[in-house]
Amino acid sequence: MAVFVARQAVFNRRQQVVAYELLFRDSLQNSFPDVSESTATARLIMENQLNLGTRHITSGKKALINIGPESLKLDLCAFLPTNDVVIELLETIEPTDENYEYCRELFHNNYKLALDDFVYQPEWDRFLKLIRLIKFDVQQTPFEELAPIVHKLKKYQKIKLLAEKLETADDYEKAHKMGFDFFQGYFFAKPKMIQHRDIDYNYALVLSIYAQVMRPDPDISEIAGLFSLDTALAYKLLRLINSGVFPIKSKIGSLKQALVYLGHERLKKFVSLIITAHSAQSKPAELTRLCVVRARFCELIAQRVAKQQTGEAFLTGLFSLLDAILDQPMEKLLDRLPFPDEIHAALMQEKNILYYILETVKAYETGSWWALEQAVAYLSIESADLPKIYENAVNWSDSCRQNL
C-alpha cells in the first residue's frame, strides 16, 4: 500500500538544514487529514519508523515528531529511538502534574523534548529544566511580544529557540536579529511530500493477538504463531526490535525469540500502537472495544452452557463485528482466518451453540427482548442472570484496556 509523510526543513543561523519536522499525511494532499492526534502519531510510527525508519526520510538528520496529550498518555514515544528524534510536545498539552511526570520520565529516558507553539505561562517554569528546544509561531505571537519572552529564556543555557511560520525575508531578519537559534517556515521551504510503500497487515489477526496479550498469562508460542500468519505483522515486530529503540544484545532467530526479548509490557504497548494506528476514525476504536466486551460476554455464557467451547465462544464474539470494522464482507474476511468450522458457521449466521450464544449477546445489547427470550430458551439459561454477566464482561474489558 502507498503511505505518505511530509517533511519540513529546520535551518540553523547559517541557513544549513539541521533537522526535519515529520508531518503525518494519508494522501498526496499536503494537509493534515481528519484523524485524531493519537491516530496520526501511531500511523506515522507504524508507516515510517517501523517501515523504512525516520533516518531514511530525514537523510540521517534529526526528526521532530509531534506528540499530543493522548499520544503522551499512551507512551507512543516508546517506539521512537532517542538518538534520532526530538519529541515535539504540542500546544494542546497542558502543564499539569500528570503531564509533568510523563515529560520527566521521557527526559530521564534520554529523549530530547521541545515545546511547540509556546505561549509562556508561569506553570511551565518547572518543565523548562526538561526542555531542549522551544518553538514560537511568529504568526501567532508578534515579534514585539516575543522579545521579553526570548530575553527571559536566554538564561536557560541548554534551551535553544526556534522561530516557525517564517513567511518573508523580513520575518527571518527579525528572528535572526532577536537571537533565535533555528528557523522554519515557507520562507525557506514548504513541507515536501514523500510517498513510499508499506505492507498492509491483517487487522483480524491483530484482534487475535490483542485477545491473547490481554490475558494474565499470555501464551508466547500462540502469539508467535499468530504473528507468523501475517508477513506484515511479523515484519513490523522485527523492525521494532531492530529500529534502534532497544539495545540488541544478540541476533534474533525467531518470532518467539523476538517476543520474549520484547517482554510482556512492551508487547502490550506494541499491540496498543497497532490498534491506535488503525483507528482512523472513532468508529473502529469503539467497535473494537465492543468486540472485546462481546468476546468476554460470550465466554462467560459459554462457561455455563458449553464449557468445552469457551475459547471458541470468546473468538466468536471477538470477531463478530469484523465486517463492520473493515467494511468488507464477513465471508471474505473469514477466508483469511484459520478458524474451526463451528466459529466459521456461527459468524456466517448458521445455527449452532456458538450462534445462539452470540445471538443472546446481540439481543441483550440492543434490548431485543423477544429475540433474547428465544436465544436463552435454546441455551437453557435465565435472562435474569445476564445483567450481572454483562457487567462482569464490561469490567473485564475496561481492566484490560487500562493495562495496555
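Here are a few questions and answers about this predicted model.

Residues are numbered from 1 along each chain as its sequence is written, and side-chain values use heavy atoms, without hydrogens or water. Local features need pLDDT of at least 70 and side-chain atom pairs pLDDT 80 or more, while totals for chains, interfaces and linings use all residues.

User: How far apart are the centres of domain 1 and domain 3?

Analyst: Happy to start there! The chain is divided into domain 1 (2-197), domain 2 (201-280) and domain 3 (283-403), with bounds from an automatic or database domain assignment. Taken over C-alpha atoms, the centres of domain 1 and domain 3 are separated by 44 Å.

User: Are helix 7 and helix 8 roughly parallel or roughly antiparallel?

Analyst: Two packed helices are described by the angle between their axes and the distance between the axes. Helix 7 (residues 203-214) and helix 8 (residues 220-228) pack with axes 10 Å apart, at an angle of about 170°. Angles over 145 degrees count as roughly antiparallel, so helix 7 relative to helix 8 is roughly antiparallel.

User: Which residues in helix 8 meet helix 7?

Analyst: Good one to check in the structure. Contact means heavy atoms within 4.5 Å. From helix 7, the partners are Leu-205, Ser-208, Ile-209, Gln-212 and Val-213. In helix 8 they meet Glu-222, Ile-223, Leu-226 and Phe-227.

Terms used: Axes are lines fitted to C-alpha atoms, for helices over the stretch in contact, and angles run from 0 to 180 degrees between N-to-C directions. Helices (H or I, at least four residues) and strands (E, at least two) are DSSP runs, numbered from the N terminus. Angles under 35 degrees count as roughly parallel, over 145 as roughly antiparallel, 65 to 115 as roughly perpendicular and the rest as oblique.
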